[in-house]
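Please consult the sequence and structure shown here while reading.

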Amino acid sequence: MKAIRILKNGGPEVLTLQDVELPSPGPGQVLVRAAAIGVNFIDTYHRSGLYKLPLPTGLGTEAAGTVEAVGEGVSTFKPGDRVAYCTAAVGAYAEAHLVDAGKLVKLPDSVGFDTAAAGMLKGLTAQYLLKQTFAVQPGQTIVFHSAAGGVGLIAGQWAKHLGATVIGTVGSDDKIALAEANGYDQVLNLNQDDWVAKVREATGGKGVPVVYDSVGKDTWDGSLDCLAPRGMMVSFGNSSGAVPPFSPAILSQKGSLYLTRPTLFAYAAAPDALQAMADDLFAVIASGAVKIAVNQRFALADARKAHEALHSRKTTGATILVP
Ligand SMILES: NC(=O)c1ccc[n+]([C@@H]2O[C@H](COP(=O)([O-])OP(=O)(O)OC[C@H]3O[C@@H](n4cnc5c(N)ncnc54)[C@H](OP(=O)(O)O)[C@@H]3O)[C@@H](O)[C@H]2O)c1
């Protein structure tokens with residue numbers, strides 16, 4: 001089968017398409033034939049080496065497709081089942097991938113492969129951020145960065161559905177209308193607006209109870225300054241680079257703030273937690289409250305172009321690879 005592999009860390013050019021042997025499932029494993037593969041920013045951290053993996057390695061943790069074979073002891077899945085995963089061991093950028101049964105969910109008929117590959121990782125992230133890390137309440141005003149991105153478009157719709165007033169940020173004006181159409185009440189341009197001042201203005205000077213920040217280095221200080229006393233800084237990504245080391249005293253100086261650095265992999269580690277979060281996501285998709293936008297589609301062989309697109313900041317919504 002064909003699979004994307006990297007032999008060394010680096011830019012998108014290190015992604016290479018190779019012929020590798022089709023693996024057989026061991027005990028507790030399922031071989032999933034991919035119909036669509038999710039591209040996520042974390043894949044770029046694995047590729048660059050910001051998050052370390054032993055090399056050489058495959059890439060990607062998310063895909064949707066059909067069960068081809070199951071290993072010993074797997075009773076919950078059978079060949080032909082429509083399934084999706086988003087927290088598997090890396091290697092999803094391939095025509096087929098071995099996945100632990102506990103990391104798989106069955107897809108309802110209403111959810112297509114493209115939607116699942118585009119929406120599982122990003123949608124489950126929105127689920128835990130908005131409903132578990134800081135449970136957003138109706139009437140609250142919140143800040144969510146990268147509003148027009150993969151996670152951002154889903155989070156805007158879901159937060160609006162929860163009854164929040166949602167302030168989003170984007171890196172260019174051409175993304176504002178899209179974010180506004182996806183739940184955001186106010187969209188600020190990080191590169192043009194005094195966005196901290198505008199957030200404080202929108203809250204009558206009080207600040208917001210929570211900021212969801214996946215931009216990292218570039219927005220760290222500003223995000224802290226958007227928070228009300230005892231507000232929660234949810235730092236969940238590094239799109240602009242890792243946040244440099246800081247003293248915890250900054251949290252007291254800025255108002256007895258809380259800080260968390262969560263990951264989907266921790267929240268969805270247990271199979272029942274993964275299934276409950278997926279059920280919640282599939283319900284908001286089925287109700288129409290959340291729509292999943294597949295705005296970029298590349299052939300598996302063109303994974304390099306998908307990564308270049310993500311780095312260019314020109315993408316909106318989700319990006320998928322098609323084997
Ligand atoms: N912790 C978790 O559980 C978890 C799970 C999923 C995703 N994440 C994180 O959430 C973020 C969004 O993931 P995604 O896959 O949906 O990506 P995405 O939002 O579709 O793409 C990343 C966006 O980051 C913004 N950005 C800001 N500075 C940037 C820079 N220097 N270079 C490139 N982009 C920059 C860009 O939007 P603008 O141009 O509009 O600013 C870009 O479109 C990522 O940081 C990812 O690591 C974390």
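## Domain division

The chain is divided into domain 1, made of 2–119 and 269–322, and domain 2, which covers 138–261; these bounds come from an automatic or database domain assignment. The C-alpha centres of domain 1 and domain 2 lie 28 Å apart. Domain 1 gives 19 residues to the contact and domain 2 gives 18 residues, where contact means heavy atoms within 4.5 Å.

This is a predicted model, in which local features need pLDDT of at least 70 and side-chain atom pairs count only at pLDDT 80 or more, while totals for chains, interfaces and linings use all residues. Residues are numbered from 1 along each chain as its sequence is written, and side-chain values use heavy atoms, with hydrogens and water left out.

## The interface between the domains

The size of an interface is often given as the accessible area lost when the parts come together. Between domain 1 and domain 2, about 1,300 Å² is buried, and carbon and sulfur atoms give 58% of that area. Buried area is the accessible area (1.4 Å probe) that two parts lose on being put together, summed over both. In domain 1, the residues that lose the most area to domain 2 are V290, R313 and G317, which together account for 31% of what that side buries.

Eight residue pairs, both at pLDDT 80 or more, are in polar contact between the two domains. A polar contact is a pair of N or O atoms within 3.5 Å; within protein, one must be able to donate a hydrogen and the other to accept it, and residues adjacent in sequence count only if both atoms are side-chain atoms. On the side of domain 1 that touches domain 2, the elements giving two or more residues are α1 (41–48) and α9 (271–287). The most comes from α9, with three residues. Helices (H or I, at least four residues) and strands (E, at least two) are DSSP runs, numbered from the N terminus.

## Surroundings of the ligand

The ligand is surrounded by 28 residues, of which the closest are Y45, Y128, G171, L264 and R313; a residue counts if one of its heavy atoms lies within 4 Å. A polar side-chain atom of Y45 is 2.8 Å from an oxygen atom of the ligand. A backbone N or O atom of V151 also lies 2.8 Å from an oxygen atom of the ligand. For P262, a polar backbone atom is 3.0 Å from a nitrogen atom of the ligand.

## Backbone features

The peptide bond from L55 to P56 is cis, with omega near -5°. P56 is found in the loop between α1 and β4 (57–58). S146 is not a glycine, yet has a positive phi of about 50°; S146 lies in the loop between β9 (141–144) and α3 (150–161).
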